[in-house]
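Hi,

Here is the structure I promised to pass on.

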Amino acid sequence: GGLWHGANWTFVVWGGLHGVALAVNHLWSERGLRMPRFAGWLLTLLFVNACLVLFRSPSFSIAGGVLGAMGGLHGIGDVDLDTTGTVALAAGAAVALLGPTSQEAALTRLRPWGWLAVPAGLALTYLLLLSGGRLQNAFIYFQF
C-alpha cells in the first residue's frame with residue numbers, strides 16, 4: 001500500500017505499519033480476545049492519526065518533530081478559542097462521537113428521491129465546471 005502513494009520511505013513505513021496493524025487485529029480476533037469498544041476506538045484513532053503524520057511528511061525527521069509536537073514535547077502553545085469556536089468544537093465532537101457513522105446514515109437513514117436526481121446532477125456538473133477553470137494541478141502520482 002505504501003509504494004502506491006509515492007517513492008518515499010515514509011510511504012513504505014506507513015503502508016508497513018498498516019499491514020502490521022491489520023495482522024495484529026486478525027490475530028487478536030482469531031484468538032477471541034476482546035477489549036472495550038471505546039478502548040478499541042481510541043487505540044485505532046491514535047494509531048491512524050500517528051501514521052498519517054508519516055504519510056504527509058517528506059522525511060522521518062519532520063515526522064518525528066510533528067509527532068513530538070503532537071505528544072506535547074514542545075509545550076501546548078497558545079490556544080485561543082472564543083465562545084463560537086468552543087461551541088463549534090463541542091458540537092462537532094458531539095456529532096462525531098454520539099451520532100451515527102456516515103456509512104450508517106447513508107445506508108439506513110437516507111432515502112433516495114428520484115425527483116432530486118436531475119437537480120443534484122445539474123448542480124454537481126455546474127460545480128465541476130466551476131472547479132475546472134482554475135489553475136491546472138499536476139496529478140499527484142506524476143510528481144514522483
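Below is what I found, starting with the overall picture and ending with a few single residues.

A word on the ground rules: this is a predicted model, so local features need pLDDT of at least 70 and side-chain atom pairs count only at pLDDT 80 or more, while totals for chains, interfaces and linings use all residues. Residues are numbered from 1 along each chain as its sequence is written, and side-chain values use heavy atoms, with hydrogens and water left out.

**Overall**

The chain has 6 helices and 0 strands (helices are DSSP runs of H or I of at least four residues, strands are E runs of at least two, and both are numbered from the N terminus). Average pLDDT, the predictor's confidence in each residue from 0 to 100, is 84 for the chain, and 88% of the residues score at least 70. Confidence is highest in α3, at a mean of 93, and lowest in helix α5 (residues 102-109), at 82.

Of the 144 residues, 10% are buried (buried means under 20% relative accessible area, exposed over 50%, and partly exposed in between, with a 1.4 Å probe and protein chains only). Among contacts (heavy atoms within 4.5 Å) with a separation of 6 or more, 55% join residues 24 or more positions apart.

**The core**

Trp 14, Cys 51, Val 53, Leu 54 and Ala 63 form the largest nonpolar core, a core being a set of buried Ala, Val, Leu, Ile, Met, Phe, Trp, Tyr and Cys residues joined through side-chain atoms within 4.5 Å. Helix α2 (residues 37-56) gives the most to this core, with 3 residues. Beyond its neighbours within four places in sequence, Val 53 touches Ala 63, Val 66, Leu 67 and Met 70.

**The largest pocket**

The largest pocket holds about 960 Å³ of space. Its lining has 25 residues, and the closest to its centre are Asn 25, Met 35, Gly 40, Trp 41 and Thr 44. Helices α1 (9-30), α2 and α4 (83-98) each supply at least two lining residues, with α2 giving the most, 8 residues.

**Two residues to look at**

Is Ser 57 buried or exposed? Ser 57 sits in the loop between α2 and α3 (60-70), and it counts as buried because its relative accessible area is 7%. Leaving aside neighbours within four places in sequence, Ser 57 contacts Asn 8, Thr 10, Ile 62 and Ala 63.

Phe 60 lies in helix α3 and is partly exposed, since its relative accessible area is 43%. With neighbours within four places in sequence set aside, Phe 60 is in contact with Trp 9, Thr 10, Val 13 and Leu 54. The C-alpha atoms of Phe 60 and Val 13 are separated by 9.8 Å, although the two are 47 residues apart along the chain.

Best wishes

How values were computed. On a 1 Å grid over the protein atoms alone, a cavity is a set of points where a 1.4 Å probe fits but cannot get out, and a pocket is an open set with protein on both sides within 12 Å along at least five of seven lines; lining residues have an atom within 4 Å of a point. Grid points are joined across faces, edges and corners, and a volume is the space filled by probe spheres set on the points.
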